[in-house]
Amino acid sequence: PPEEILALTFTNKAADEMRKRLEGRALSLPYISTFHSLAYDILSQHGALPFQNEEPDFDALLSSLKQLLLEQTDVLKIIQDRFRFISVDEYQDTSPIQADILSLLGARHQNVCVIGDPNQAIYGFRGATLENFFLFDTRFPNPLEISLSKNYRSHPSIQTASRFLFQFTLPDYVNIG
């Protein structure tokens, strides 16, 4: 059921686009959110917001959510049972704390799908690390990996230049084929 699906992405614009693509295709929609909006919603519901009457501090939201999930296992279980299936778009852009939160939320049912491309990592300035992407199987063992090898978006000359460029910039453990 859509109500059991949590779809996470990194911007409100991407979350809105996901909602628009799904509207009218089902009677109800999954919970589509950014990591920060999810943190705000859960912390609000459980009286654990780290601030009052001021702009939210995004780092504090994530830290507070992780702390809540670790310390209040009853709350964690409620959220795990609500979201039995989790999808994360642009997983290459997760920070360590976002990966930790995902691990906590997905631990019970192990129904976690991540979509990402290490060649498109852009949020390093926000603490994102490709290590999360390449070590996903340590958090969720034996994942099914599906690689999309055909690029329909970019002109072949752009694809060739990208492959050439990325062979010099990615860590040794990355195989771009």
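Let's start with helix 3, which covers residues 58-71: its 14 residues reach 20 Å from the first C-alpha to the last, close to the 20 Å expected at 1.5 Å a residue. Everything described here comes from a predicted model.

The buried residues of helix 3 are L61, L62, S64, L65, L68 and L69. Looking down the axis of helix 3, these buried residues fall within an arc of 165°, so they line one face of the helix.

What do the buried residues of helix 3 pack against? Their partners are helix 2 (35-45), helix 4 (73-82) and helix 5 (96-106).

**Helix 2**

Helix 2 also has a buried set, made of F35, L38, A39, I42 and L43. Seen down the axis of helix 2, its buried residues fall within an arc of 125°, so they line one face of the helix. The cover over the buried residues of helix 2 includes strand 1, strand 2 (31-34), helix 3, helix 4, strand 3 and helix 5. Just after helix 2 comes G47, which takes a positive phi of about 60°.

**The nonpolar core**

The largest nonpolar core has 33 residues, and the members that touch the most others are L6, L38, L69, V88 and L105. Two or more residues of this core come from each of strand 1 (5-9), helix 2, helix 3, helix 4, strand 3 (85-88) and helix 5.

Leaving aside neighbours within four places in sequence, L69 is in contact with L76, I79, I101, L104 and L105. L105 has its place in helix 5. Is L105 buried or exposed? L105 counts as buried because its relative accessible area is 3%, and buried means under 20%. With neighbours within four places in sequence again left out, L105 is in contact with L6, L38, L69, L76, I79, Q80 and I86. The C-alpha atoms of L105 and I78 are separated by 9.9 Å, and these two residues are 27 residues apart along the chain.

**The strands**

| Strand pair | Direction | Bridges |
|---|---|---|
| Strand 1 and strand 2 | parallel | 4 bridges |
| Strand 1 and strand 3 | parallel | 4 bridges |
| Strand 3 and strand 4 (residues 112-114) | parallel | 3 bridges |

Strand 1 is mostly covered, with 4 of its 5 residues buried. Its residue L6 stands opposite Y31 in strand 2 and has I86 as its bridge partner in strand 3. Elsewhere, I5 stands opposite F85 in strand 3, while L8 has S33 as its bridge partner in strand 2.

In strand 2, Y31 and S33 point one way and I32 and T34 the other way, and all are buried. S87 has C113 as its bridge partner in strand 4.

Most residues other than glycine have a negative phi, and most peptide bonds are trans. Which value does phi of E90 take? Phi of E90 is near 60°, a positive value in a residue other than glycine. E90 lies in the loop between strand 3 and helix 5. With a relative accessible area of 28%, E90 is partly exposed.

N142 is not a glycine either, and has a positive phi of about 55°. You can find N142 in the loop between helix 7 (136-139) and helix 8 (156-166). N142 is exposed, because its relative accessible area is 76% and exposed means over 50%.

Notes:
Residues are numbered from 1 along each chain as its sequence is written. This is a predicted model: local features need pLDDT of at least 70, side-chain atom pairs count only at pLDDT 80 or more; totals for chains, interfaces and linings use all residues. Side-chain values use heavy atoms; hydrogens and water are left out. The expected span of a helix is 1.5 Å times one less than its number of residues. Buried means under 20% relative accessible area, exposed over 50%, partly exposed in between (1.4 Å probe, protein chains only). The arc is that of the directions from the helix axis to the C-beta atoms. Contact means heavy atoms within 4.5 Å. A nonpolar core is a set of buried Ala, Val, Leu, Ile, Met, Phe, Trp, Tyr and Cys residues joined through side-chain atoms within 4.5 Å. Two strands pair if DSSP finds at least two bridges between them.
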